[in-house]
Amino acid sequence: SPMPYIDTHTHLDFAAFDSDRNQVLSDCARLGVERLVVLGVTRANWDGVWQLCRQHDNLFAAFGLHPMFMSEHRAEHITALQQALADRLDDPRCCAVGEYGLDYWHKDADRTAQKHLFEAQLQLAVDCRLPSLLHVRRAHADVIAILKRYRPVRGGIIHAFSGSPEEAREYHKLGFKVGLGGAATWPQATRLRQTIAQLPADQLVLETDSPDMAPAFHAQQRNSPALLPQIAAELATLRAEPLEQFSARCWQNSCELFQWSPPPPAAC
């Protein structure tokens, strides 16, 4: 049987997968991508995410309010999120709060509004004792400062990590893993590639962010969770590690984070 993989970050509910979602899932099963985390981004897509996860045993759901959709969020959506999490706390398919965070990419981003929304969701992660799956773009300093105030006990994942080794160390101290995917397969991502080569093995998890963030070998095409083993192979090479060792470690880190059935001790 193939080596096991976990895609810690996919948007399999998006319309890009409407025509062949079941085929993608059967490809995943064949290739060893045994579990996938599907992330909510707005109040409007939570129900679809949940329906999808209830139809497939290997799909797990996270619910959150993404900073890139600020125009869609309303104050009452925080209350709705609190309720959505409370209703599902006993269901193992509800595995995290996310996708949420801070995105300062656009110069006119309303940072105050984003921080307010970020802190409200972080408080829910603390209250529910769930991991946080965080989107952080050009905002590492603020995210780290806020995490230091709240100290969520289950930590989480900094998705699509593109920060510095120093920032990675700060996240590590706070119990956060870093999500690695297609971005580091691009040769021009020199700084990111250098950083990934030196990160501690116990901090790494794998992700695709599909349908977005396609790897270099699949440029300009729809990204898919079925590409995760191939992405892992490139990242292992980048870290000069045997693929089996690298993948087993990422798998184990993901299992520990989500408190999924412990991997056998022989995995590493």
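Me: In what kind of crossing does α4 pass α5?

Reply: In this predicted model, α4 passes α5 in a right-handed crossing. The term applies because the near helix is turned clockwise from the far one by less than a right angle. The angle at which α4 (residues 111-128) and α5 (residues 140-150) pack is about 35°, and their axes are 11 Å apart.

Me: Which residues make the contact of α4 and α5?

Reply: From α4 come K115, F118, E119, L122, Q123 and V126. From α5 come D142, V143, I146, L147, R149 and Y150. A contact requires heavy atoms within 4.5 Å.

Me: How do the residues of the contact of α4 with α5 divide into nonpolar, polar and charged?

Reply: Seven are nonpolar, one is polar and four are charged.

Me: Why does H140 count as buried?

Reply: H140, which is found in helix α5, has 9% relative accessibility. Buried means under 20%, so H140 counts as buried.

Me: What makes the link of the side chains of H140 and Y171 a polar contact?

Reply: The distance given for these two side chains is 2.7 Å. The cut-off for a pair of N or O atoms is 3.5 Å, so the pair of H140 and Y171 qualifies as a polar contact. Beyond its neighbours within four places in sequence, H140 is in contact with I158, F161, S162, G163, E167 and Y171.

Me: How do you know that H159 counts as buried?

Reply: H159 lies in strand β6, and its relative accessibility is 5%. With the limit for buried at under 20%, H159 therefore counts as buried. The side chains of H159 and E99 are joined by a polar contact of 3.4 Å, which is within the 3.5 Å limit. Leaving aside neighbours within four places in sequence, the contacts of H159 include H9, L134, H135 and G179.

Me: In what order do the eight strands form the open sheet?

Reply: The order is β1-β2-β3-β4-β5-β6-β7-β8, and the pairing is parallel. From one strand to the next, the twist averages 30°.

Me: Why do β1 and β8 stand at the edges?

Reply: β1 (5-10) and β8 (204-206) each have a single partner strand, so one side of each is left without a neighbour in the sheet.

Me: How do you know that β1 and β2 pair?

Reply: Pairing needs at least two bridges. β1 and β2 (residues 33-39) have four, in the parallel sense, so the two strands count as paired. Within this stretch, D7 stands opposite L36 in β2.

Me: What makes β1 mostly covered?

Reply: Six of its six residues are buried. For each of them, that puts the relative accessible area under 20%.

Me: Which strands does α5 lie across?

Reply: α5 lies across β4, β5 (132-137), β6 (156-159) and β7 (176-180), running at about 145° to β5. Helix α3 (residues 76-88) lies across β3 (59-63) and β4 (94-103), at about 155° to β4.

Conventions:
Residues numbered from 1 in each chain as written. Predicted model: local features only at pLDDT ≥ 70, side-chain atom pairs only at ≥ 80, totals over all residues. Heavy atoms only, no water. Axes fitted to C-alpha atoms, helices over the stretch in contact; angles between N-to-C directions. Nonpolar A, V, L, I, M, F, W, Y, C, P; charged D, E, K, R; others polar. Buried < 20%, exposed > 50% of the residue type's maximum accessible area, 1.4 Å probe, protein only. Polar contact = N/O pair within 3.5 Å; in protein donor to acceptor, adjacent residues only side chain to side chain.
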